Amino acid sequence: MPTAADTIGALAERDYEYGFVTDVEQDTAPPGLSEEIIAFISAKKNEPQWLLDWRLQAYRGWQKMVEPTWANVRYEPIDYQSICYYAAPKSDDDRPKSLDEIDPEILATYEKLGIPLKEQEMLAGVAVDAVFDSVSVATTFREKLADLGVIFCSFSEAVQDHPELVRKYLGTVVPRRDNFFAALNSAVFSDGSFVYIPKGVRCPMELSTYFRINAMNTGQFERTLIIADEGSYVSYLEGCTAPMRDENQLHAAVVELIAHEDAQIKYSTVQNWYPGDKEGVGGIYNFVTKRGLCDGRRSKISWTQVETGSAVTWKYPSCILRGDDSVGEFYSVAVSNNRQQADTGTKMIHVGKRTSSTIISKGISAGEGQNTYRGSVRILRSAEDARNFSQCDSMLIGDRCGAHTFPYIDVANPSAQMEHEASTSKIGEDQIFYCNQRGIDTEDAVSMIVNGFCKEVFRELPMEFAVEAQKLLEVSLEGSVG
Amino acid sequence: MLRVSDLHAKVEEQEILKGVDLEVNAGEVHAVMGPNGSGKSTLAQVLAGREDYDITAGSLELDGDDLQEMAPEERAHAGLFLAFQYPVEIPGVGNSYFLKAALNAIRKARGEDELDAMDFLQLLRKRAELVDVDEALLRRPVNEGFSGGEKKRNEILQMAVLEPRLAVLDETDSGLDIDALKTVAAGVNALRSEDRAFVVITHYQRLLNYIVPDHVHVLLDGRIVRSGGSELALELEEKGYTGLTNGSSGV
């Protein structure tokens, strides 16, 4: 049996093999975006010509596009020429040596979330020693998956090891010129995850980015591609409840999911990027394009997201229900506290017959936070007997925040059944007083009431993720009342 | 146990309580009766520590401690319980989960060990039986979609689980049919004990047929105008509140 050290050694060699021996000598690209920079990135990653061409096409499209302004968010204009689009992963010398070098405020939050010390070090980017529990866990984990034919690796590895799959599916759900941020991502994406589940395989464990060894440095333009072949099943977890800091303010990720006949993909996200300080300074802009294609009959894609971080969120995980009898689901909790702004929701596009979709959205606004639900349900002419159920609930904590709902419904087939429910509630003083009278203090009362409000979404999350998400909500809303 | 002296309280600049005196000892049941707008519910809310009410004069003591110095949850920890006239709905929060959180918050504040899920469930079942509450009610979210009668019974169940020293029942009989009224009364009677006191606030004499009080007080326009034994309630029933005030005033 190989020892952990052997395995680490092997991995280190592989990195060497693929990533960092190129004829380009610099480790970091100069700020700015141009075809040269894109060629540089592609060369750094040792990519095939077709992928470079694909990136360049995306870039040329992007140049003609205009940044969208329809979202209900405000932020300072982004200077795309001042951003650095490639930086080699940090070497251990540049990283903090121990937790003593980490912002005490972050450590306090880790503490509240009950994160073990080793994981704290990993999250904070501390240079840890190679014999590290989770690395060996991750390795055995990958071996087990490989036995089943499941591919779970970084996007860059997939480009090298499974180019035919990447080429076949990349951009088929989110075309490279889909929208401004998706085009930008397509031109310059750094890394991300790649998952392929073969026919008939039920992936026996939750796939989590957390277990992907090099997940910590995916950078600001993450690209994820998940393919579930016929009759397969996979549950994928993205993110992490611990607050993630990043020097890069702009994050523009793209996620594409493809479910073939009778396949199911469950994609769960807990997003907790740094939201900025109380005045909103320094927070992450999270502009994400996530879309799933239910390509085969009876396929199913479920998005579940708990969004508590980022200064500005622009995100609409969507489903294209092409296969007959396919099912799309979207369950969302979005929190905006202090100066956070979230414009999030989903699109359900019904193409196939008897397709059905469910949307449950829970928006929570506190402080001066602004929370917008924006959702679109389209029933095309071909979608005979399609059904949709939408429920959008907003909760306000305090009187300086806002909740907004923009549902768009477009029905081109009269056989469709549509249901839409919406509510806005305020955490009532009545509710808090009632809890107080029973002996529960205000902070616990708020977290209990909010968790109750989000229950329908939390129960869609894998068990331990749900527990973490509840705790996270508590921490995110700390001090928002009284 | 409870001592209320010359209590004045106002809400939104309007004085509601204009000098209330009330002394309740352990083991006693006191009824406070009065017409609408006499200040009954205000008295209940002030005892529980609702912020919207300003106490402008007088004092409130529970076992010698100044209630005004205590937050609502601290009053609960000290053993004060209010059965709400309008119990509040908390969607998505399970009834038994809520009660466990409440009981453990109180136990923790008193330096007692918190109950684990198993022990709590056992206790909850026993109490539910005692006050005749259906177990199905325990699994539903707190008061959400409950009928008027179910809400009131749920309040009594909460009281039975939290075992307060002093329970204030604010118009627990309102909106109940006679069967529900009997069940609620039986629940209260089952909890009567030597070291526990009740203040039963009600508009009608009806409830007092089932919860027989030791003392009855008549609250009119923010003052207690008569006090007496349980026979006072019957007299009220006969003469009405107006008939009562025409004769005597004060104690």
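Predicted model: local features only at pLDDT ≥ 70, side-chain atom pairs only at ≥ 80, totals over all residues.

Let us begin with the contact. Chain A contributes 16 residues to the contact, and chain B contributes 21 residues. On the side of chain A that touches chain B, helix 10 (429-437) and helix 11 (442-453) of chain A each supply at least two residues. Helix 10 of chain A gives the largest share of that side, six residues. Classified by type, the side of chain A that touches chain B holds six nonpolar, five polar and five charged residues.

I turn now to helix 13 of chain A, residues 463-476. Helix 13 has 14 residues and spans 20 Å from its first C-alpha to its last, close to the 20 Å expected at 1.5 Å a residue. Which residues in helix 13 of chain A are buried? They are A:Phe465, A:Ala466, A:Glu468, A:Ala469, A:Leu472, A:Leu473 and A:Ser476. Viewed down the axis of helix 13 of chain A, the buried residues fall within an arc of 165°, and therefore line one face of the helix. On the other side of this helix, A:Met463 and A:Glu464 are exposed.

Finally, the sheet in chain B. Six strands of chain B make an open sheet with mixed pairing, in the order 6-9-10-3-11-12. Strand 6 (80-83) and strand 12 (223-228) of chain B are the edge strands, each pairing on one side only. On average, neighbouring strands of this sheet are turned by 20° against each other, direction ignored. Strand 11 (residues 215-220) and strand 12 of chain B run antiparallel and are joined by five bridges. Opposite B:Val216 stands B:Gly228, in strand 12 of chain B.

Conventions. Residues numbered from 1 in each chain as written. Chains lettered and ligands numbered in written order. Contact = placed C-beta atoms within 7 Å. Helix = DSSP H or I, 4+ residues; strand = E, 2+ residues; numbered from the N terminus. Nonpolar A, V, L, I, M, F, W, Y, C, P; charged D, E, K, R; others polar. Pairing = 2+ DSSP bridges. Axes fitted to C-alpha atoms, helices over the stretch in contact; angles between N-to-C directions. Expected span 1.5 Å × (residues − 1). Buried ≥ 20, exposed ≤ 12 C-beta atoms within 10 Å, placed from the backbone. Arc of directions from axis to C-beta.
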